[in-house]
Amino acid sequence: MMINSGSTKMLSIAARDLHLITSTTSHLTHFRPFACAAATAYSGRLVPHPPDLIKWVRREGGFVHQAVKIAQLEPYGLGLVASEEITKGSDLIALPDHVPLQFGSIDSDGGAASAAAHPVLVNLASKIPEELWAMRLGLKLLQERAKTGSFWWPYISNLPETYSVPIFFPGEDIKNLQYAPLLYQVNKRCRFLLELEKEVKQVLENLKQDDHPFGGQDVDSSALGWAMSAVSSRAFCLYGRELQDGNRVNVPMMLPLIDMCNHSFNPNAEIVQEKSRGNSDMLIKVVAGSPIKQDDPLLLNYGCLNNDLFLLDYGFVIPSNPYDCIELKYDGALLDAASMAAGVSSPNFSSPAPWQQQILSQLNLDGGTPDLKVTLGGAGTVEGRLLAALRVLLADKLEVQKHDLDKLKSLSEEAPLGISNEVAALRTVIALCVIALGHFPTKIMEDEALLKRGVPGSTELAVLYRIQKKAVIIDVMRDLTRRVKLLSSRESVRAQG
């Protein structure tokens, strides 16, 4: 998918000149102007010598284990490490209720964290779609970043100056991603930031100084992008304040110091929430989930995410990510072409029989509002809906009626409709992989050679990302080829017997 000229222009401007312009110099005594550097792979902090974050957390009534230190962790930047061995179950960090930054937390002197948010921010937040929730909290972050004397300044000043997410890539490096679904998401976020900039300017245009959440400053798409990226890469969705009925709602919040823990699918720490003694406030803690050796980093699991989300929201790529996958569109004509290339006789994917259409509707691959996005890779190797559809479309009605649809969706159910059916279905998926791999204009060897020559940080991330996508496809092909060979050998033995 091509990036439109407007979004590409915004990205180039953002990478070159990320800033928020103050409207008059008189505001500088009460509001801090934004000034951000161009995007790099590993960024410094907002100010050269920010306040000591560990001391601030302790001063606000929080707890930090004596062995927890902030250190430079190559190649990830700043993170938390253990300066001595820490036993399993030890409390590492504990934040009192007023320290996390939430959208509803609006008080400059650290008072009640449940106070109502600024009405202008509430109005702007109502215009932001749910899927881009990070921008809502980002508005609050921008307000606090601009404000001199903000309660959260010791935390905000320690945030990265810029982020390595694709919305800040130069236009050429966006193209270097080479993967249409991610290009679509990047383009969508760029358009959103440009439209939100217009919306913000309209809302702020005629506000009085006292009513202006940013002290009269103009907020552009670059500043909005910084704030959205800061939140998406650092915020956690945890239990908020208790409601009158005793329930608690999930609330996105930024957790000072805790958000400096890096990611691992094999973490040595975990976040827990518990009530403070004597009141209903929630204490947010990080606890050692396993023994932590001296000089080991503190690691949390950010979630079982694919590399699209890791790059979009966090600005990094996980090599050999077990949850990474590729996205395809379920299309009968494409499946016909794939099956023919695989040597499958009489494919009818583009013209299924009525009974097959009924099953496709049950799989939400046909009907009024079907979901045609299917995936390959990840824990299941082949998405169950796609696998069931191929098995059904390559079988006769009587055979299909003997089986439950859930079994037909499972790759662990070996050849439920017979070996010949299974081999045909898997060969069709292998052919789909070949087609998908052909959509990338470069090969893995070419990508690796490019990295060895040395490239800028954003180019390196883009190339690493596309290498991992190609590796997912290759891994699926290898897995399914192995299965086909095993099934064919069993069929051969059976025929000889």
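These are my notebook entries on a predicted model of one protein chain.

**Entry 1: ground rules.** I number residues from 1 along each chain as its sequence is written.

**Entry 2: the whole chain.** I looked up the secondary structure and found 17 helices and 13 strands in the protein chain. Helices (H or I, at least four residues) and strands (E, at least two) are DSSP runs, numbered from the N terminus. Of the 497 residues, 50% are buried. Buried means under 20% relative accessible area, exposed means over 50%, and partly exposed lies in between, for a 1.4 Å probe and protein chains only. I then looked up contacts (heavy atoms within 4.5 Å). Among those with a separation of 6 or more, 70% join residues 24 or more positions apart.

**Entry 3: α4 and α8.** I examined how helix α4 (residues 134-146) packs on helix α8 (residues 221-234): the angle is about 115 degrees and the axes are 8 Å apart. Axes are lines fitted to C-alpha atoms, for helices over the stretch in contact, and angles run from 0 to 180 degrees between N-to-C directions. The two helices are therefore roughly perpendicular. Angles of 65 to 115 degrees receive that name, whereas those under 35 are roughly parallel, those over 145 roughly antiparallel, and the rest oblique. Residues in this contact include Leu137, Leu141 and Arg145 of α4 and Leu224, Trp226 and Val231 of α8. I recorded 13 nonpolar, 2 polar and 1 charged residues in the contact of α4 with α8. Here Ala, Val, Leu, Ile, Met, Phe, Trp, Tyr, Cys and Pro count as nonpolar, Asp, Glu, Lys and Arg as charged, and the others, Gly among them, as polar.

**Entry 4: α11 and α12.** Helix α11 (residues 354-362) packs on helix α12 (residues 384-393) at about 170 degrees, with the axes 10 Å apart. That angle makes α11 roughly antiparallel to α12. Trp355, Gln356, Ile359 and Leu360 of α11 meet Ala389, Val392 and Leu393 of α12.

**Entry 5: helix α9.** Is helix α9 buried or exposed? I found that 7 of the 8 residues of α9 (residues 307-314) are buried, so the helix is largely enclosed by the rest of the structure. Among the buried residues are Asn307, Phe310 and Tyr314. At the N-terminal end, Asn306 caps α9, with a side-chain oxygen 3.1 Å from the backbone nitrogen of Asp308. Just after α9, Gly315 has a positive phi of about 80 degrees.

Entry 6: I located Glu422 in helix α15 (residues 419-438). Glu422 is buried, at a relative accessible area of 3%. Beyond residues up to four places away in sequence, Glu422 touches Arg391, Leu411, Glu413, Ala415, Pro416 and Leu487. Pro441, in the loop between α15 and α16 (444-453), is exposed at 62% relative accessible area. I noted that Pro441 and Gln178 are 263 residues apart in sequence and 7.5 Å apart in space, C-alpha to C-alpha.

Entry 7: Asp295, a residue other than glycine, has a positive phi near 75 degrees, and Asp295 is exposed, at 57% relative accessible area. Thr381 has a positive phi near 65 degrees, but Thr381 is buried, at 11% relative accessible area.

How values were computed
Side-chain values use heavy atoms; hydrogens and water are left out. A polar contact is a pair of N or O atoms within 3.5 Å; within protein, one must be able to donate a hydrogen and the other to accept it, and residues adjacent in sequence count only if both atoms are side-chain atoms.
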